Amino acid sequence: MNRLAAIARFWWEFVVGDDWLAAVAIALAIALTAALAHADIAAWWLLPPAVAIILYTSLRRATRA
Amino acid sequence: MSAAFLVLSAFLASAVEMVEALTIVLAAGLARGWRSALTGVAAATLTLVVIVGALGPALTIIPLNALRLVVGGLLLVFGLQWLRKAILRASGYKALHDEDAIFARELDVARNAERLEGNGLDWCGFTLSFKGVLLEGLEVAFIVLTFGSSQGSIWLAALGAAAALVLVAAIGVTVRAPLARVPENTMKFAVGIMLTTFGIFWSTEGAGAHWPGADASLIGVLAFVIASSGALVTLLRRQRVLSAPVGAEA
């Protein structure tokens, strides 16, 4: 069990790192892109600015801390 | 175009991880003897081959769009983490990654550890290099499998990683010292940009949206990520100067 927890912690830290809020925001932005695409609305433009905004807010949190 | 981009991304990302693994192996080899350290490298490499051999074929049977959505999302979260750290380093908010300091620390740990021998091997040297190569190697495997499977060619991504392995190993054997001269922070910035670019591109496609100009739009996404990152570095540098106490720069 301890080994499984250690493996899960390794992958969580490796992929998500220390800002899980940014990971959640990315998931929401991808979900919104999928929703628009399935409603036949052009959605390719959404993710690049969303990522820039998420990165900016994540950096602000880091520099304030 | 995207094939060259894929090989280059896999090469850079793998090289960064391999430099870190090499630093640990060199420290273990110098402090505890090369036989144990190199046996650790061989054992970790064998373990990695088994893991990649088991996971690689499984990825190729998943539908491409679903794979791109999951892998793109993972790469985006993962890439953004690298990019965030690289921007914090470039703007002075975080200390630069120092391979010399890491090498000195690992060497100290290895020298002070108790000698525990068995089968002619020093287990501390073996474990240190096994752990270092396995952990960094898992990161390389993750990059190769995700990049390769989403682009439909694990072999191209593996080619980039293999080129990085040959280069880093050759430098390691030649200099037998930490690769402090490799501009690791610059490489990490480049890798963060590439991972984020691929992440945006694939997760958008996986979500069912279509890029105007198909693969050619990768260049546009890359330019956007570079410009945004550059702007954020400038912004944070300015913010850091403004928030510094008066007279601190004198």
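Does A:Asp40 count as buried or exposed, and why? With 8 C-beta neighbours inside 10 Å, A:Asp40 counts as exposed.

## Basis of the model

This is a predicted model, in which local features need pLDDT of at least 70 and side-chain atom pairs count only at pLDDT 80 or more, while totals for chains, interfaces and linings use all residues. Residues are numbered from 1 along each chain as its sequence is written, and chains are lettered from A and ligands numbered from 1 in the order in which they are written.

## The two chains

Chain A has three helices and zero strands, in the order α-α-α from the N terminus. Helices (H or I, at least four residues) and strands (E, at least two) are DSSP runs, numbered from the N terminus. Of the 65 residues in chain A, 29% are buried.

Chain B has eight helices and two strands, running α-α-α-α-β-β-α-α-α-α from the N terminus. Of its 250 residues, 45% are buried. Among the contacts in chain B with a separation of 6 or more, 86% join residues 24 or more positions apart; two residues are in contact if their C-beta atoms, placed from the backbone, lie within 7 Å.

## The loop between α2 and α3 of chain A

A:Asp40 is found in the loop between α2 and α3 of chain A. Its phi is positive, about 60 degrees, although A:Asp40 is not a glycine. Most residues other than glycine have a negative phi.

A:Leu46 lies in the loop between α2 (20-38) and α3 (47-64) of chain A. A:Leu46 counts as buried because it has 21 C-beta neighbours inside 10 Å. Leaving aside neighbours within four places in sequence, A:Leu46 is in contact with A:Ala29, A:Leu32, A:Thr33 and A:Leu36. A:Leu32 is 14 residues from A:Leu46 along the chain, and their C-alpha atoms are separated by 8.4 Å.

## The nonpolar core

The largest nonpolar core holds 82 residues, of which A:Ile26, B:Ala10, B:Val25 and B:Val144 touch the most other members. Helix α1 (residues 2-32) of chain B gives the most to this core, with 17 residues. Such a core is a set of buried Ala, Val, Leu, Ile, Met, Phe, Trp, Tyr and Cys residues joined through C-beta atoms within 7 Å.

Not counting residues up to four places away in sequence, A:Ile26 touches A:Ile54, B:Gly73, B:Leu76, B:Val77 and B:Leu80.

## Where the chains meet

The contact between the chains takes 26 residues from chain A and 29 residues from chain B. On the side of chain A that touches chain B, the largest share, 10 residues, comes from α3(A).

The axes of α3(A) and α8(B) come within 11 Å and cross at roughly 25 degrees. Axes are lines fitted to C-alpha atoms, for helices over the stretch in contact, and angles run from 0 to 180 degrees between N-to-C directions. The two helices, α3(A) and α8(B), are therefore roughly parallel to each other, a term for angles under 35 degrees. Residues making this contact include A:Leu55, A:Tyr56 and A:Leu59 of α3(A) and B:Phe224, B:Ser228 and B:Leu232 of α8(B).

Helix α8 (residues 217-243) of chain B has 27 residues and reaches 39 Å from its first C-alpha to its last, close to the 39 Å expected at 1.5 Å a residue. The expected span is 1.5 Å times one less than the number of residues. Among the buried residues of α8(B) are B:Val221, B:Ser228, B:Leu232 and B:Leu236.

How values were computed: A residue is buried if 20 or more other C-beta atoms lie within 10 Å of its own, exposed if 12 or fewer, and partly exposed in between; C-beta atoms are placed from the backbone. Angles under 35 degrees count as roughly parallel, over 145 as roughly antiparallel, 65 to 115 as roughly perpendicular and the rest as oblique.
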